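Subject: Structure handover

Hello,

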Amino acid sequence: MDRDRLLRELGEFLRIPSVSTLPAHDNDCRAAAEWVAAELRRLGCSDVQFLASEKHPVVWGVGPHVPGAPTLLLYGHYDVQPPDPLAEWTTPPFEPAVRDGKLYARGAADDKGQVFCLLKAIEAGGPPAVNFRFLIEGEEEFGSKVLFDLLKREPQRTKVDVALVADMSYVAPGWPAVYSTLRGLCYAEITVRTAKSDLHSGEYGGAAPNAHEELARLLGRLKGEDGRVNVPGFYGPVKPPSKAELAAWKKLPFKEKDFLVKRVQAKGLTGIKKYSVLERLWALPTFEIHGILGGFTGQGAKTVIPAEATAKVSLRLVPNQTLKKVQQQVAAAVKKFAPKHVTATVKFLHGADPAQIKLDHPSFKLLDQAFREVTGRGTVPARAGGSIPVVPALGATGAPVILTGIGLPDDRLHAPDEKLDLKQLWDGIEVFKRFYRLLGAS
Ligand code: BES
Ligand code: MN
Ligand code: MN
């Protein structure tokens, strides 16, 4: 295939700032959906539709009928995360640029570049070998609630032989992966109110409650310095990985020291020390504070006691935990840990159940073979720290959900200078082309 043309086409897709969480970009999300729909039509899809959703359409498509061949559902998302902080991008996030064999843009790896890869692999393979179904959505980055509910109502859309999700990465350069778990997510805003309004910190300081101080203490109670989440009942359903799985992780090209120095680039790692870093990232739940709002943050100094403070937080969940239960546990913990003189409320914004996938379906062998033929190495089983809310629904009718991807661990998803290595894209097109053909012949 003509790589210059492919780069031009992917560039067009990446140039659309389809940030699903910012209402100012609603039209851009629409444009990205149109871009996907046009590609599906070009691939000969008969039934390209925009399915209803909260804000941004799900692009649905049915590929040309291939009698007797298995049905393969391709899932991906055209929405991206906000690009800020803008000043930290070497080149602007929505002006794709190639440097040193890497394509820099918001969405390059998560997930437009990978959606592009799945689609161009069809084009590269000539007449399709399988019956394709497409679900390319635009609300993944804010929880996919509507698509999740839609698939519950219309399970026939996921009545397929195999579902393929390419929204993750190799475990290391040269090491393609398939994932057996995804973490779930419980996203919440915790608000502490201490008084009717802000107060002069001289007149009232020393006797009046301070919302930021109360919130800080509350957050400190929810997660200890040792990294443990102190939400009662939280760890109850958490199962440790098997001995075999832990042994397999030891053989992966993952060095805790490199992870600290090259990827995290901090002075030290945190978390529950008795667990390895991979266990902390893949097999344990978490609690993170994303931001704290309220009080005085303007220029200069203002002496005030804030009456309200809000923290945006999220918890990552692991298999056997459920979003519903964790929401109850968090609400109860906030109530328990907040002192009587404050009003603490929790608002849940979105979330996802964790996913667990058995890697024993024959199609996993075919993907392994395709990667092996192209990259020289088959897929290693791994777990993922991130979340894809719709995955449990994709597998609800019993189809195996193959979680894989062409990214690399240093792609900086959701961060400045997100990138996709072009070699990963060219290899990926070849891998998926072969996978489709192998599946068609199976
Ligand atoms: N592609 C990621 C999920 C991912 C990242 C899986 C890294 C495996 C490794 C996805 O686009 C994502 O960012 N999901 C959000 C979901 C949330 C907003 C509901 C996430 O994990 O934060
Ligand atoms: Mn993604
Ligand atoms: Mn993402």
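A polar contact here is a pair of N or O atoms within 3.5 Å; within protein, one must be able to donate a hydrogen and the other to accept it, and residues adjacent in sequence count only if both atoms are side-chain atoms. This is a predicted model, in which local features need pLDDT of at least 70 and side-chain atom pairs count only at pLDDT 80 or more, while totals for chains, interfaces and linings use all residues. Residues are numbered from 1 along each chain as its sequence is written, chains are lettered from A and ligands numbered from 1 in the order in which they are written, and side-chain values use heavy atoms, with hydrogens and water left out.

Ligand 1

The side chain of Arg 316 places an N or O atom 2.7 Å from an oxygen atom of ligand 1. For Glu 140 the corresponding distance to a ligand oxygen is 2.8 Å, and for a polar side-chain atom of Glu 141 it is 3.1 Å. The protein buries 88% of the 520 Å² that ligand 1 exposes when taken alone (Shrake-Rupley method, 1.4 Å probe). Around ligand 1 there are 16 residues (a heavy atom within 4 Å), and Asp 167, Ser 387 and His 414 are among the closest. By class, the shell has 5 nonpolar, 6 polar and 5 charged residues (Asp, Glu, Lys and Arg count as charged; Ala, Val, Leu, Ile, Met, Phe, Trp, Tyr, Cys and Pro as nonpolar; the others, Gly among them, as polar).

Regards
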